[in-house]
Amino acid sequence: MCNRNELLRLAITKCRAVFLLVSSLFVAEWTFAQSTNPESPFVVVLGIAQDGGFPQAGCQRECCRLIVTHPGLASGPTCLALIDPVSRQRWMLECTPDFPAQLARLNELFPVHDSPGIDGFLLTHAHIGHYAGLVHLGREVMGTNGIPVYAMPRMQTFLRDNGPWSQLVSLKNIELRELQGGQTISLNERLKVTPIVVPHRDEFSETVGFEISGPNRSMFFLPDIDKWERWETAIETVVQRVDCAYLDATFFDNSELPGRDMSEIPHPFIVETMKRFQSMDAAERNKIRFIHLNHSNPALVPGSDAVRQIRSAGMNIAGLNERFEL
């Protein structure tokens, strides 16, 4: 039988082992989030879920009931903020239905004196999780003045010709700025953005991803796309030319929505993306950070088999508040 000191020594040893194990699992995430140059522009993640957020309205399944006991897993729809700490400028990639909370999060992470302190929104397309938060800019809430909204031609027409968005334009709460696929624009002297058109369910607008370049590094943001095979561009070539890629991970595999025809929502499954990249170098695979996860996606749950498979494949899942320097 061990004496008290021996039991204490064994307990401490066990705790140290557990700590080292947990640390090894998350060291890549921690390193990714660290700032090495306080003057470098960076993106920060404000939301990782699909358009409806996590949990999703009306969901009674186990996936959403999990939030009752694990509220820290909750997330709003996918949104990134782009920040230049030198000019003190802030842009948001998407304006989601969770805009009030995401703006509050941004103000905690990188506060500015002006309100709302947003130098523009860059919109990928006209599905609700990506633009519906614009309603908060109108006279009923913030009553903003001339905030730039960067959008493709059909997206601009949609906003200009349909209420309540049209009122934002007519009252000059927002100022529409047209994007063209493949044409690079400069947000300031240190940040450039190139919209890249991709195939998707385009009822009201085109769909684009954004390639963003800073002084030292670049990243690609693509929260929505149809199957990789439907795009004339190979996703592998895009990932190779950037330093980080936030990619559509709406569903893990084909089993998530029983009774639903998944061909109606043909996002690339995570398992398909992992298979496409399995033969590429580890450095290329490590650039991928899955984002835009549906509430049914098991990759939202830390420690799940889905998470283990993603990490084993050398890829990553985007996390709230994480940063990537440009």
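Reader: Which strands form the open sheet, and in what order?

Author: Happy to start there. Seven strands make up the open sheet, ordered β6-β5-β4-β3-β2-β1-β14, with mixed pairing. Strands here are DSSP runs of E with at least two residues, and helices are runs of H or I with at least four, both numbered from the N terminus. This is a predicted model, in which local features need pLDDT of at least 70 and side-chain atom pairs count only at pLDDT 80 or more, while totals for chains, interfaces and linings use all residues. Residues are numbered from 1 along each chain as its sequence is written, and side-chain values use heavy atoms, with hydrogens and water left out.

Reader: What makes β6 and β14 the edge strands?

Author: Each of them, β6 (174–178) and β14 (323–325), pairs on one side only.

Reader: Why are β4 and β5 said to pair?

Author: Two strands pair if DSSP finds at least two bridges between them.

Reader: What makes Arg230 and Asp226 a salt bridge?

Author: The term asks for a side-chain nitrogen of Lys or Arg within 4 Å of a carboxyl oxygen of Asp or Glu. For Arg230 and Asp226 the N to O distance is 3.7 Å, so the pair qualifies. By this rule the count comes to 11 salt bridges.

Reader: Why is Asp226 called buried?

Author: Buried means under 20% relative accessible area, exposed means over 50%, and partly exposed lies in between (1.4 Å probe, protein chains only). Asp226 has 8%, so it is buried.

Reader: What does the salt bridge between Glu272 and Lys227 tie together?

Author: In this salt bridge, the closest N and O atoms are 3.0 Å apart. Glu272 lies in helix α8 (residues 270–277) and Lys227 in the loop between β10 (218–222) and α7 (235–241), so the pair ties together parts 45 residues apart in sequence. Lys227, at 16%, counts as buried, whereas Glu272, at 29%, counts as partly exposed.

Reader: How do you know that Glu229 is exposed?

Author: Its relative accessible area is 61%, so Glu229 falls in the exposed class. Glu229 also forms a salt bridge with Arg276 at 3.7 Å, N to O. Arg276 is partly exposed at 25%, and Glu229, Glu236 and Arg276 are linked in a network of salt bridges.
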